[in-house]
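Open the model in your viewer and keep the sequence panel beside it. The tour goes from the whole chain to single residues, one selection at a time.

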Amino acid sequence: MTDFFDRIAAVNSVINDFVWVKIGLILLIGTGILMTCCTGFFQISHIGHWWKMTIGSLFVRDSNTTKKTDRKTISQFQALCTALAATIGTGNIAGVSAAIVIGGPGAVFWMWVAAFFGMMTNFSENVLGIYFRRRNTDGEWSGGAMYYLKDGLGKYKNCKLIGSVLATLFAIFAVLASFGIGNMGQVNKITLNLQSAFFKNVSLGQIAGIPVINLLIGVALMILGGLIIIGGLQRIAAFAERIVPFMAVLYVVGATAIFLMNIQMAGAVFASIFRFAFGVKAVAGGAAGIAISQIITQGCKRGVFSNEAGLGSSVMVHSSSNVKEPVKQGMWGIFEVFFDTFVVCTFTAVVVLSSGYIDLQTGMAVAGVNDATLVSQAFGKVFGHAGEIFVAIAMLLFAFTTVLGWSQYGSKAVEYLFGDKGVKVYKVIFVLMIISGSVMTSSLAWDISDTFNGLMMIPNLIGVVALIPLVSRITKNYVARQVKGETIDPILSYDPAIQAEVLNQED
């Protein structure tokens with residue numbers, strides 16, 4: 001078993017280096033910059049509007065944000081919660097601590113940079129997702145990068161084959177990614193943190209070299225996940241709508257308490273983030289420095305692992321919303337990235353950097369620090385064993401809801417490739433694969449997730465960049481109508497029949 005995992009790790013390392021270091025980060029940040037410029041820095045210039053139309057609409061009586069128009073759709077808020085369920089996961093806890101341990105405090109700065117531009121990448125993905133979506137055989141909305149690659153990029157002159165090939169590749173990579181970022185990586189971190197908090201001194205022996213505790217945790221998660229996943233998007237969305245707001249607020253409150261207890265370190269914490277953002281020189285005593293490339297790579301990789309902007313993943317659930325305006329769902333994408341990275345990830349970073357486990361003078365982790373359980377140790381340092389239990393439960397909720405959200409992403413990709421019948425088979429395999437994450441080594445599960453993310457990201461971003469003129473046109477049309485009050489025809493769908501249908505629905 002060990003030799004098998006070692007061979008997988010060797011192959012994965014080669015692919016990961018090519019995807020992320022050679023082309024991935026340039027394409028990721030570059031696309032975000034392009035979309036930001038082409039939409040007139042929408043995330044800043046219209047900050048009041050998108051804030052009002054997203055989280056602000058939850059406080060408006062009779063708002064359609066939380067209403068469903070029919071049983072085949074989910075509400076805008078359910079779409080957000082399901083997307084956040086998939087994005088707020090181990091990346092917000094273990095991912096941030098891993099980025100800091102490997103890349104130093106400066107990695108947090110590059111998380112912010114990636115997220116700032118990622119807001120408009122996610123916005124653009126959702127705009128395209130709503131614009132190119134269509135009804136499946138069950139009457140549900142289906143959307144995603146595979147559709148705007150095939151029907152958007154594919155409509156350009158001599159690009160039909162390219163669009164179809166990239167759409168198929170994206171769908172394949174999305175299925176693979178669902179087993180990595182959406183399954184193995186999440187379950188692995190759940191297992192490690194549950195062991196640390198509840199089973200530190202418990203040993204039930206091993207089976208084929210695998211701890212029995214790991215197997216039992218995996219089986220329990222598999223059963224619970226199966227009960228929800230097999231029920232489809234409606235059940236997943238209903239679960240996410242109840243759990244995601246609760247878990248996010250609870251975690252932020254806990255992290256805020258630690259920040260206030262260590263308020264005297266606030267200046268040093270944020271100073272270290274900016275001071276080390278552009279590299280750490282070797283310090284006295286022979287300690288190795290952290291290269292700027294490593295800092296940027298870790299910050300951006302863990303950032304996209306957390307908020308998924310650029311992957312084209314969350315658009316698959318956003319497209320199931322009852323909304324009719326592509327830009328309106330795009331604005332939920334902006335809020336999704338903002339909340340995930342600038343709120344949740346930042347609070348995690350503050351907890352880690354104020355814990356004493358990171359030397360703020362050198363940017364290095366102290367000896368013996370394990371990035372997988374670093375946040376748990378930081379909470380434990382302040383609240384004792386109760387803090388470790390709190391993080392274990394937070395990790396369980398964060399990661400488990402991510403598994404649920406990604407099962408939907410994978411289902412939509414399989415639906416594109418094999419039709420509705422393939423979805424049933426996929427769900428069974430996905431549920432059974434949950435056990436693999438509980439027995440796999442932490443680093444391998446994380447590295448495989450990174451690779452699948454990158455492979456999924458490349459065709460998606462090619463499609464987004466190719467369709468910049470369309471995103472710009474749809475955005476300008478929305479701003480002219482909804483912000484400036486001009487009377488012009490809306491741009492809602494690539495299909496005239498769908499355009500007519502959604503014009504008649506309540507929004």
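Show the surface of the whole protein. Its accessible area comes to about 19,200 Å², and 66% of that belongs to carbon and sulfur atoms. Of the 507 residues, 60% count as buried. Switch to a cartoon, and the secondary structure comes to 20 helices and four strands. Among the contacts with a separation of 6 or more, 82% are between residues 24 or more positions apart.

**Colour by confidence**

This is a predicted model, so colour the chain by pLDDT before going further. The mean pLDDT is 82, and 87% of the residues reach 70 or more. Select helix α7, residues 145–151: among the elements, α7 has the highest mean pLDDT, 95. Then select helix α4, residues 76–87, which has the lowest, 69. Now go to residues 281–288, where pLDDT stays under 50. For this stretch the model has six contacts beyond four places in sequence.

**Helix α11**

Select residues 266–275, which make up helix α11, and show the side chains of Ala266, Val269, Ser272 and Ile273; these four are buried. Turn the view to look down the axis of α11: the buried residues fall within an arc of 140°, so they line one face of the helix. What lies over them? The cover includes α6 (106–131), α10 (233–261) and α14 (326–353).

**The loop between α7 and α8**

Next, select leucine 153, which sits in the loop between α7 and α8. Is leucine 153 buried or exposed? Its relative accessible area is 7%, and the cut-off for buried is under 20%, so leucine 153 is buried. Show what surrounds this side chain: leaving out residues up to four places away in sequence, leucine 153 touches Tyr148, Cys159, Ile162, Gly163, Leu166, Ala466 and Leu467. Leucine 153 and valine 465 are 312 residues apart in sequence, but 9.6 Å apart in space from C-alpha to C-alpha.

Stay in the loop between α7 and α8 and select asparagine 158. With 70% relative accessibility, asparagine 158 counts as exposed. Its phi is near 65°, a positive value in a residue other than glycine. Most residues other than glycine have a negative phi.

For another positive phi, move to phenylalanine 41, where the angle is near 50°. Phenylalanine 41 is in the loop between α1 (2–38) and α2 (42–45), and at 37% relative accessibility this residue counts as partly exposed.

Leucine 161 has a relative accessible area of 66% and is exposed.

**Salt bridges**

Side chains of opposite charge can pair when their charged atoms come close.

- Aspartate 151 and arginine 134 form a salt bridge, with the closest N and O atoms 2.6 Å apart. Aspartate 151 is in helix α7 and arginine 134 in strand β1 (residues 134–135), so the pair ties together parts that are 17 residues apart in sequence. Aspartate 151 is buried at 15% relative accessible area, and arginine 134 counts as buried at 19%.
- Arginine 135 and glutamate 501 meet in a salt bridge of 2.9 Å, N to O. This pair links distant parts of the chain, 366 residues apart: arginine 135 is in strand β1 and glutamate 501 in helix α20, residues 496–503. Arginine 135 is partly exposed at 30% relative accessible area, and glutamate 501 is partly exposed at 33%.
- Lysine 412 and glutamate 415 form a salt bridge whose closest N and O atoms are 3.5 Å apart. Both lie in helix α16 (residues 385–418), three residues apart, which is about one turn of the helix. Lysine 412 counts as buried at 4% relative accessibility, and glutamate 415 counts as buried at 13%.

How values were computed
Residues numbered from 1 in each chain as written. Predicted model: local features only at pLDDT ≥ 70, side-chain atom pairs only at ≥ 80, totals over all residues. Heavy atoms only, no water. Buried < 20%, exposed > 50% of the residue type's maximum accessible area, 1.4 Å probe, protein only. pLDDT = per-residue confidence, 0-100. Helix = DSSP H or I, 4+ residues; strand = E, 2+ residues; numbered from the N terminus. Contact = heavy atoms within 4.5 Å. Arc of directions from axis to C-beta. Areas by Shrake-Rupley, 256 points an atom, 1.4 Å probe, with all protein chains shown as cover. Salt bridge = Lys/Arg side-chain N within 4 Å of Asp/Glu carboxyl O.
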